[in-house]
Amino acid sequence: MEDMQHINISWNETQFLKKAVRILCECRQTLMYTYVFAYYLTKTNDSAIFEANQHDLQNAVEKLSEYLERDINVANVFSLKQKVQDKSIYCDNSTKLF
C-alpha cells in the first residue's frame with residue numbers, strides 16, 4: 001500500500017489490497033477445512049461436484065496470491081488493481097459455496 005502511495009495513489013484507493021488480503025486469508029482457511037471434509041466424503045456425484053468446486057477455489061486463491069505478490073509500478077497499477085478486485089470478488093463468492 002505504501003508503494004502505491006509513492007506513485008501518487010491515494011490511501012483510499014489502496015484499501016482494496018487490505019480487503020484482498022483478508023479475503024485471501026479467509027479463503028485459505030476455508031480450503032483448509034474443505035480438505036479434511038473431502039477426505040471423509042463418500043465418493044458420489046455430489047462429492048465430485050464438491051471436489052471440483054474445491055479445485056476451482058484453490059486455483060482462484062493461488063491466482064489472487066500471485067497478483068498480490070507482483071511488484072507495483074506506474075505501468076501496471078490500474079490493471080493490477082482491477083485483476084485483484086475481480087479475483088477477490090470471485091474468491092469471496094466461491095467461498096460462500098462451502
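Guide: Let us begin with Leu41, whose place is in the loop between α2 and α3 (45–69). Helices here are DSSP runs of H or I with at least four residues, and strands are runs of E with at least two, numbered from the N terminus. The model is predicted: local features need pLDDT of at least 70, side-chain atom pairs count only at pLDDT 80 or more, and totals for chains, interfaces and linings use all residues. Residues are numbered from 1 along each chain as its sequence is written, and side-chain values use heavy atoms, with hydrogens and water left out.

Visitor: Why is Leu41 called partly exposed?

Guide: Leu41 has a relative accessible area of 24%. Buried means under 20%, exposed means over 50%, and partly exposed lies in between (1.4 Å probe, protein chains only). The value of 24% therefore places Leu41 in the partly exposed class.

Visitor: Which residues does Leu41 contact, leaving aside neighbours within four places in sequence?

Guide: Leu41 is in contact with Ser47 and Phe50, where contact means heavy atoms within 4.5 Å. Between the C-alpha atoms of Leu41 and Glu51, ten residues apart in sequence, the distance is 9.9 Å.

Visitor: What makes Thr34 a buried residue?

Guide: Thr34, in helix α2, has 5% relative accessibility and so counts as buried. Beyond its neighbours within four places in sequence, Thr34 is in contact with Phe50, Gln54 and Phe98.

Visitor: Why is Thr14 counted as buried?

Guide: Thr14 is found in the loop between α1 (2–6) and α2. Its relative accessibility is 0%, and therefore Thr14 counts as buried.

Visitor: How do α2 and α4 pack, and what makes their crossing left-handed or right-handed?

Guide: Helix α2 (residues 15–40) and helix α4 (residues 77–95) pack at about 35°, with axes 9 Å apart. Axes are lines fitted to C-alpha atoms over the stretch in contact, and angles run from 0 to 180 degrees between N-to-C directions. A crossing is left-handed if the near helix is turned anticlockwise from the far one by less than a right angle, and right-handed if clockwise. The crossing of α2 with α4 is left-handed. Among the residues in this contact are Phe16, Ile23 and Cys27 of α2, and Val84, Ser88 and Cys91 of α4. The contact residues divide into six nonpolar, four polar and three charged.

Visitor: What is the pattern of secondary structure along the sequence?

Guide: The protein follows the pattern α-α-α-α, with four helices and zero strands.

Visitor: How does the radius of gyration of the protein compare with that of a compact globule?

Guide: The protein has 16 Å, whereas a compact globule of 98 residues would have a value near 13 Å. The radius is taken over C-alpha atoms, and the globule rule is 2.2 Å times the number of residues to the power 0.38. Along its principal axes, the C-alpha trace spans about 55 × 20 × 20 Å. Buried residues make up 31% of the 98 residues.

Definitions and conventions:
Ala, Val, Leu, Ile, Met, Phe, Trp, Tyr, Cys and Pro count as nonpolar, Asp, Glu, Lys and Arg as charged, and the others, Gly among them, as polar.
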